[in-house]
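Hi everyone, thanks for making time. Please have a look at the model on the screen, and then I'll walk you through it.

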Amino acid sequence: MRPTERAGTAARAAVVCGLGAWLPPTVVTNDDLARRLDTSDEWIRTRTGIRARHVASPGMPTSHLAAEAGARALESAGVHDVDMVVLATTTPDRPCPATAPVVATRLGLTGRPAFDVSAVCTGFLYALATGAGMITSGAVETVLVVGAEVYSTILDPADRSSSVIFGDGAGAVVLRAGHRSEDGAVGRSELGSDGSLADLITVRAGGSEQRSSGAPALPADRYFSMWGKEVFAHAITRMAEATRAALAGAGWHAADLDRLIGHQANVRILHALGEYLDIPRERLVIHLDQVGNTAAASIPLALAHAQSTGELAPGARVALTAFGGGATWGATTLTWPALKTV
């Protein structure tokens, strides 16, 4: 028994028992973007693999999307209540307070502990690890974990490099206490960060760093920015390392995987990651062509898509991995459970 494991909790695990997703109804295609930017459908598809993305309507904040996905996850799990809500987002409704309490109240969960996790595109895996840790410690029995983003609110509409990549959306899972041998049990989470890479993916203005400087924010600093080439290299390396470690923790090899669900940032990153890990392309879940990069919502949206299409069948061995701002990265594993599709 590990020193951190109390007697009676050694085999306790957080088990995925519900899954939900929600996308804003407005769809923006590559051709739509080409009408106002110096770009084309071919240019976007060949460089990113993205064909379309969903965009939130005016007055539709992150809490709206998160609550919609959360409600569907609760329905999938067949429950109306949970002990805790954890929301991963880069685009909270306000800088203060956190958005999770608003989501909890929208879902009729006022009084339950609720908080945000900020790890950009790795956010869902950080939130999942947090929720799972609360369950395995015995602190709670059930947790709603949500990843939700309205990236359209932080993008420079004139910036071709970012406007073509990101979309809005939300996905969620419900975790319950169970046993490590069950399908759906979340495996060991491998997480990491490197603050020296903070400038790779950032919104410079609006925080204490910029405000305390005494200088007004430059217009460009109010928007999201990313060093694409540098992110590409770091993302592949870090996701591959984290995935290998998560597989080792599960006692699996890459050849044992039925599906690898990487953060849906760029199809070339996903293909390169598969090659690094020697995983055939047909085992990669690709959903970004329809929704773009949805940051913290990316992995749960891909899970919901794969379940709805039949790509994820009960008993499938799955690895989840992501790289995001911070920089942050992570991976975990699970055997896919039988879930109600909502």
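I'll go from the overall chain to the pocket and the cavity, and then to a few backbone details.

First, some housekeeping. This is a predicted model, so to speak of local features I need pLDDT of at least 70, side-chain atom pairs count only at pLDDT 80 or more, and totals for chains, interfaces and linings use all residues. Residues are numbered from 1 along each chain as its sequence is written, and side-chain values use heavy atoms, with hydrogens and water left out.

How confident is the predictor? pLDDT is its confidence in each residue, from 0 to 100. The protein chain averages 95, and 97% of the residues score at least 70. The exception I'd flag is residues 1-8, where pLDDT stays under 50. The model has seven contacts for that stretch beyond four places in sequence, a contact being heavy atoms within 4.5 Å. Where pLDDT is low, the predicted coordinates should not be read in detail.

Now the overall build. The protein chain has 11 helices and 13 strands; these are DSSP runs numbered from the N terminus, with helices being H or I of at least four residues and strands being E of at least two. Along the principal axes, the C-alpha atoms fill a box of roughly 60 × 45 × 40 Å. Buried residues make up 52% of the 342; buried means under 20% relative accessible area, exposed over 50%, and partly exposed in between, with a 1.4 Å probe and protein chains only. Among contacts between residues at least 6 apart in sequence, 77% join residues at least 24 apart.

We use a 1 Å grid over the protein atoms alone: a cavity is a set of points where a 1.4 Å probe fits but cannot get out, a pocket is an open set with protein on both sides within 12 Å along at least five of seven lines, and lining residues have an atom within 4 Å of a point. Grid points are joined across faces, edges and corners, and a volume is the space filled by probe spheres set on the points.

The largest pocket has a volume of about 970 Å³. Of the 37 residues lining this pocket, the closest to its centre are Thr90, Thr91, Pro92, Val203 and Ala205. β5 (114-117), β9 and α7 (208-212) are the elements that give two or more residues to the lining, and α7 gives the most, with four. By class, the pocket lining has 15 nonpolar, 14 polar and eight charged residues. Here Ala, Val, Leu, Ile, Met, Phe, Trp, Tyr, Cys and Pro count as nonpolar, Asp, Glu, Lys and Arg as charged, and the others, Gly among them, as polar.

How many cavities of 30 Å³ or more are there? The count comes to one, and the largest cavity holds about 50 Å³ of space. Its lining divides into nine nonpolar, no polar and no charged residues, including Val16, Leu128, Val186 and Leu334.

Beyond its neighbours within four places in sequence, Val186 is in contact with residues including Val16, Leu128 and Leu334. Val186 and Ala129 are 57 residues apart in sequence but 8.4 Å apart, C-alpha to C-alpha.

Finally, the backbone. Most residues other than glycine have a negative phi, and most peptide bonds are trans. The bond from Cys96 to Pro97 is cis, with omega near 5 degrees, and the bond from Gly326 to Ala327 is cis too, with omega near -10 degrees. Both Gly326 and Ala327 are in contact with Leu197, a residue that counts as buried at 14% relative accessibility.

Buried or exposed: where do the positive-phi residues Val120 and Asp278 fall? Val120, with phi near 55 degrees, counts as buried at 13% relative accessibility. Asp278, with phi of about 60 degrees, counts as exposed at 66%.

Conventions:
pLDDT is the predictor's confidence in each residue, from 0 to 100.
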